[in-house]
Amino acid sequence: MFLENRLIGYVVLALLVALIVSFLMTPVVKTFAYKVGAIDVPKDGRRMHKVPIPRLGGLAIFIGFMVSILLFVEISPEMKSILLGAVIIVVLGVVDDIMALPAMLKFVIQILAALIPTTHGVVIQTLSNPNVLSDNPYWTLGWVSIPVTVLWIVAITNAVNLIDGLDGLANGVSAISATTVLVIAMLGSEIQVAIVMAALVGACVGFMPYNQNPAKMFMGDTGATFLGYILATMSIQGLFKFYAIISFAVPFLILGLPIFDTAFAFIRRIAHGQSPMKADRSHIHHRLIDMGLNQKQAVATLYVISTILGLSAVVLATSGEEKAMLFFLALCVVAIVAARVVFPKEIREELHEEMEELKDHGHHEQDKKEEEL
């Protein structure tokens, strides 16, 4: 009982300190952003804001997080390597927010940053076997663990960055994902992981008053890539290591929204003969806006989806696959019912029309194939 109370106390303190520091540092960082010219000017259709807004808000998140970590976390060699990689990611983000850097240069530096923790013990050593009929419940990766881990870190770092398209979206989704890892870590008595995640949640929440719609400041690449990097590395420490049997599913549920959006974006661009790195206006949040939702409704919808995935991950980590699946389906039903109540009738009708158009298109393609045969 004493250890549990002590853990809760450290978690609450780490969260509050990060929250307060992040909140207080945001106006300071905002002034700095204006001085160095880190301003997001709405110059294309992908941007939802109408007036120039300062970036670099991620610097406030980073400072709040680091202050809390230095106060409450034991800095092991693994943790030191994660923090060193985070510093590189943040410096890269600051420079990119001030002067846009080439995508390939950023990609190479992200790989180098990912290699630092990977070569210091932060590796995905095992993965659960998706083949439920196999006698072997999980795979031991061996030397493949290094490239798999680097791929995971770089992919999640960029996935969170790609969903940063609406006020408060990436910040809120990251906070929900971090809260999920925090809950799982506390249930598993993983003190260090829980405190780190509490610091991340606090830093995100502290920045939220400035970032929610209408946003007074953006986190920029500085914040989005930093959040993705920490979520990726700490998911390895807190999920892949301690939940090997279900490690294939839990992190993918927790980070399901950015993973799906990124994978769908890459597949869509490649299918259209475009570079997978080419920016477009077809992300999930853009589609919700095009369907008639305003920014607050679209963000709330994606928060609900992220929360459903996170809660399902907690149930999976604590109660097994069957209960997690039932829980996930139940939450989906509740979400669908809530959507029918909350969303305007015209939006539901537009969705129905789009579905009918897709069906008609499918029937047309089928008829065409039959004629060719």
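In this predicted model, helices H2 and H3 run roughly antiparallel to each other, because their axes cross at roughly 160 degrees and angles over 145 degrees count as roughly antiparallel. Helix H2 spans residues 57–72 and helix H3 residues 77–98, and their axes come within 11 Å. The crossing of H2 and H3 is left-handed. On the H2 side, the contact is made by Leu59, Phe62, Phe65, Met66 and Ile69, while H3 contributes Leu83, Val87, Val90 and Val94. The residues of this contact comprise nine nonpolar, no polar and no charged.

Aromatic rings form a further theme. The count of aromatic pairs comes to four. One of them joins Tyr10 and Phe72 in an edge-to-face arrangement, with 6.5 Å centre to centre and 65 degrees between the planes. Since Tyr10 belongs to helix H1 (residues 2–36) and Phe72 to helix H2, the pair ties together parts that are 62 residues apart in sequence. Tyr10 is partly exposed, at a relative accessible area of 31%, whereas Phe72 counts as buried at 18%.

Phe23 and Tyr210 also form an aromatic pair, which is tilted, with 5.4 Å centre to centre and 45 degrees between the planes. Phe23 lies in helix H1 and Tyr210 in helix H7 (residues 191–211), so this pair ties together parts that are 187 residues apart in sequence. Phe23 is partly exposed, with 36% relative accessibility; Tyr210, with 15%, is buried.

Finally, ring pairs link Phe62, Phe65 and Phe226 into a cluster. Phe62 and Phe65 also take part in the contact of H2 with H3.

Definitions and conventions:
Residues numbered from 1 in each chain as written. Predicted model: local features only at pLDDT ≥ 70, side-chain atom pairs only at ≥ 80, totals over all residues. Heavy atoms only, no water. Axes fitted to C-alpha atoms, helices over the stretch in contact; angles between N-to-C directions. Helix = DSSP H or I, 4+ residues; strand = E, 2+ residues; numbered from the N terminus. Parallel < 35°, antiparallel > 145°, perpendicular 65-115°, else oblique. Left-handed = near helix turned anticlockwise from the far one by under 90°. Contact = heavy atoms within 4.5 Å. Nonpolar A, V, L, I, M, F, W, Y, C, P; charged D, E, K, R; others polar. Phe/Tyr/Trp six-rings, centres within 6.5 Å; stacked < 30°, edge-to-face > 60°. Buried < 20%, exposed > 50% of the residue type's maximum accessible area, 1.4 Å probe, protein only.
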